[in-house]
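Here are my notes on the model you sent.

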Amino acid sequence: MRDADLVILGTRVVTPEGVRPAAVAIAGGVITGVHEHGAAPDASRRLDVKDAIVLPGGVDPHVHVNEPGRTEWEGFETATRAGAAGGVTTIVDMPLNSLPVTTTAIALKVKARAAAGRATVDYAFWGGVVPGNVQQLAPLARAGARGFKCFLVPSGIDEFPPVTARDLRPAMAQIAELGLALLVHAELPGPIQRAAASRAPGDPRRYASYLASRPAAAEVEAVDLILDLCRETGCRVHIVHVSAAETLEPLRAAKRAGLPVSAETCPHYLTFAAEEIADGATAWKCAPPIRERSNRDRLWDALADGTLDFVASDHSPAPPALKCLDTGDFVRAWGGVASLELALAATWSGARQRRRDVQDLARWCAERPARLAGFGRKGRIAAGCDADLVVFDPDGRFVVEPDRLRQRHPVTPYAGMTLAGVVRQTFVRGVCVYDSGAFPAGKVGTWVKP
Ligand SMILES: [Zn+2]
């Protein structure tokens, strides 16, 4: 057996088969074996984490880095440091908010150049489906796109317009042929327009007005449409950021029927509840919106029973001025919550209250998102996988101080909250990139190409 460069010993290593005492042997950035705790091979370095949890590095497939073009919103340097500090070892960047948007192979190359040498953790890219770019999907896949994202409602930026069923039929046929997945922002404009027409515009500072403006029906109708198109084209579909519990039954039925469908929800839908959001508190604005407490409970149930496959941050930062924190205007404020650094702890905080364990956490935050992105070597602590690992104290607690977050802007609805689950160390391909507040290795993140 080849000697290891590094062996990590722990009494609670989270492997796909269970949590157990183990010695994880690493050579050349790859896990060469997961051995009995007492049978570690020789290694030039040994790290004994005792009874801290060793988790597979988090894979966050829903991150808006916004670089190039809107680097003042966020960027590869800041986003990937936030990831490292939050136990995320691979991010997949969304095709929008950057300029150009990633809807052509050339734009993907521009983005890859912008990311090169700036990342602390590994990264990959989604391409975008917009009206008229079906010819670009195969070139985007060849250039390294992991799959494609589309919107059915305005995305918030004009360069990334929404698609209709007419655009989607040929696009989904093409994506199916490429063997990739279509990620869908599932809200349809019809119910949103009907909600607007049915009542006088409320006070823009009231959260209840904002919530009423994006009804659950918009999500339900969108999911129905996408499931129909999935049936028709055979294209694998993934519903991003499920917020409305009303979509869960159709998703459950579709899975039972064997359709190739998966779905994610986000830490903010699992953490917050509409009843608790103050008027004017635009840090909480996202689309779809955070709904009621009873809705939140049903999202947790759906994660537990597998209707929702995993948790992704939908990290979508913007400069404080665009969040309209001063006026508290929910109509004008940018919709997006930036939580890459906090997603693991926020998810764990809710999970442990509901008696879920670290094995669930590893499935929701690493293994299943890795599968969506087609990362065969990430998301699991197993021989042959990249040595992406997190040393995690499940009982440690910390108070969220916005100024200390590594994201570009200190805006977060988690400000002042106490979260459980402290990331002590993060390893990317065997290199320690985060250690108790320090970033000892610099920018070692690389592009995970297909
Ligand atoms: Zn998003």
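1. Strand 6 contributes 3 residues to the lining of the largest cavity, the most of any element. This is a predicted model, and the remarks that follow should be read with that in mind.

2. How many cavities of 30 Å³ or more does the whole structure hold? The search finds 4. Two or more lining residues come from each of strand 6 (58-63) and helix 11 (343-353).

3. In total, 13 residues line the largest cavity. Those nearest its centre are Asp60, Val88, Val311, Ala343 and Cys365. By residue type, the lining consists of 8 nonpolar, 4 polar and 1 charged.

4. Which residues are the protein donors of the zinc ion? They are His62 and His64, each through NE2, and Asp314 through OD. These donors lie 2.1 to 2.2 Å from the zinc ion. Along the chain, the donors of the zinc ion are spaced as H-x1-H-x249-D.

Note on methods: Residues are numbered from 1 along each chain as its sequence is written. This is a predicted model: local features need pLDDT of at least 70, side-chain atom pairs count only at pLDDT 80 or more; totals for chains, interfaces and linings use all residues. Side-chain values use heavy atoms; hydrogens and water are left out. Donors are N, O and S atoms within 2.8 Å of the metal (3.2 Å for Na, K and Ca); water is not among the atoms, so sites may look incomplete. On a 1 Å grid over the protein atoms alone, a cavity is a set of points where a 1.4 Å probe fits but cannot get out, and a pocket is an open set with protein on both sides within 12 Å along at least five of seven lines; lining residues have an atom within 4 Å of a point. Grid points are joined across faces, edges and corners, and a volume is the space filled by probe spheres set on the points. Helices (H or I, at least four residues) and strands (E, at least two) are DSSP runs, numbered from the N terminus. Ala, Val, Leu, Ile, Met, Phe, Trp, Tyr, Cys and Pro count as nonpolar, Asp, Glu, Lys and Arg as charged, and the others, Gly among them, as polar.
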